[in-house]
Amino acid sequence: MSTKVEATIEDLYKVEGKAELVNGEIVYMSPTGGLPHYAAQQIIISLSLYRKATGRGVAIGDNTAFVVNLPHRKSFSPDAAFYLGKLTMKFSDGAPIFAVEVRSEGDYGARAERQIAAKRDDYFAAGTLVVWDVDLLSDDVVKVYRAREPQTPTVYRRGELAEAEPALPGWTMPVDDLFFKENES
């Protein structure tokens, strides 16, 4: 009989690359493509400008871990986030108030939809107020889910301004900014 040893946050510190700690296991996350990375980067830039304007919180980029204490999840590593806690050299303590998940090629199909919904539920259980599901291949580019109404997203399309109320009062971002434009000057 073998006994499975659950992975810990200390084990997560030893991982090279992006990973999360879920159900006692290290869950590795593959690198993303250029377009999803570009979208996440644009969100981080916009969040950084919001932080400078308000003097509140910090914009967090990809591959940063947030340590949480849920029964089956001990960390998150969103594609972009906004965090109110204290930054240290260690993983951030607690969930961000705003988290962004940008879909990559492998994030489609029934199984992926279930995993995305479960992760979103975990964000809310950990204290995140707003989660963006960004889908560059859909007409419904940004779906804004809120902890107070987790099953009723607000949908934003090209040409519209997306928001993250109540987590980021007054912040908006043009959906069009998520898309790379050739020869942009």
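Reader: What radius of gyration does the protein have, against the value near 16 Å for a compact globule?

Author: The model is predicted. The protein has three helices and 13 strands, and its C-alpha trace spans about 60 × 40 × 35 Å along the principal axes. For 185 residues, a compact globule would have a radius of gyration near 16 Å, and the protein agrees with this at 16 Å.

Reader: What percentage of the 185 residues count as buried?

Author: Buried means under 20% relative accessible area. Among contacts between residues at least 6 apart in sequence, 50% join residues at least 24 apart. The share of the 185 residues that count as buried is 42%.

Reader: Which strands form the edges of the open sheet of six strands?

Author: The open sheet has the order β3-β6-β8-β9-β10-β11, and its pairing is mixed. An edge strand here pairs on one side only, and the two strands that do so are β3 and β11.

Reader: Which residue of β6 is the bridge partner of Val58?

Author: Strand β3 pairs with strand β6 (residues 80–83) in the antiparallel sense, over three bridges. In β6, the partner of Val58 is Tyr83.

Reader: What angle does the direction of helix α2 make with that of β6?

Author: Helix α2 comprises residues 34–54 and packs on the sheet, where it touches β3, β6, β8 and β9. Its direction makes with that of β6 an angle of about 20 degrees.

Reader: Is strand β10 largely enclosed or open, and how many of its five residues are buried?

Author: Strand β10 (residues 142–146) pairs with strand β9 (residues 130–134) in the antiparallel sense over five bridges, and Val131 stands opposite Tyr145 in β10. Four bridges join β10 to strand β11 (residues 149–156), again antiparallel. Strand β10 is largely enclosed by the rest of the structure, because the number of its five residues that are buried is four.

Reader: Which residue of β11 is the bridge partner of Arg146?

Author: Strands β10 and β11 form a hairpin with two residues between them. In β11, Arg146 has as its bridge partner Glu149.

Reader: How far apart are the end C-alpha atoms of helix α3, and what span should its 17 residues have?

Author: Helix α3 covers residues 110–126, and at 1.5 Å a residue it should span 24 Å. The expected span is 1.5 Å times one less than the number of residues.

Reader: Against which strands do the buried residues of α3 pack?

Author: The buried residues of α3 are Ala112, Ile116, Lys119, Arg120, Asp122, Tyr123 and Phe124. After the helix comes Gly127, with a positive phi near 115 degrees. The strands against which the buried residues of α3 pack are β1 (19–22), β5 (75–76), β8 (98–102), β9, β10 and β11.

Reader: Is Asn63 buried, partly exposed or exposed?

Author: Asn63 lies in the loop between β3 (58–60) and β4 (66–67). Leaving aside residues up to four places away in sequence, Asn63 touches Gly17, Lys18, Ser77 and Pro78. The range between buried, under 20%, and exposed, over 50%, is partly exposed. At 45% relative accessibility, Asn63 therefore counts as partly exposed.

Reader: How far does the backbone nitrogen of Lys18 lie from a polar atom of the side chain of Asn63?

Author: A polar contact requires N or O atoms within 3.5 Å. The backbone nitrogen of Lys18 lies from a polar atom of the Asn63 side chain at 3.4 Å.

Definitions and conventions. Residues are numbered from 1 along each chain as its sequence is written. This is a predicted model: local features need pLDDT of at least 70, side-chain atom pairs count only at pLDDT 80 or more; totals for chains, interfaces and linings use all residues. Side-chain values use heavy atoms; hydrogens and water are left out. Buried means under 20% relative accessible area, exposed over 50%, partly exposed in between (1.4 Å probe, protein chains only). Two strands pair if DSSP finds at least two bridges between them. Contact means heavy atoms within 4.5 Å. A polar contact is a pair of N or O atoms within 3.5 Å; within protein, one must be able to donate a hydrogen and the other to accept it, and residues adjacent in sequence count only if both atoms are side-chain atoms. Axes are lines fitted to C-alpha atoms, for helices over the stretch in contact, and angles run from 0 to 180 degrees between N-to-C directions. The radius of gyration is taken over C-alpha atoms; the globule rule is 2.2 Å times the number of residues to the power 0.38.
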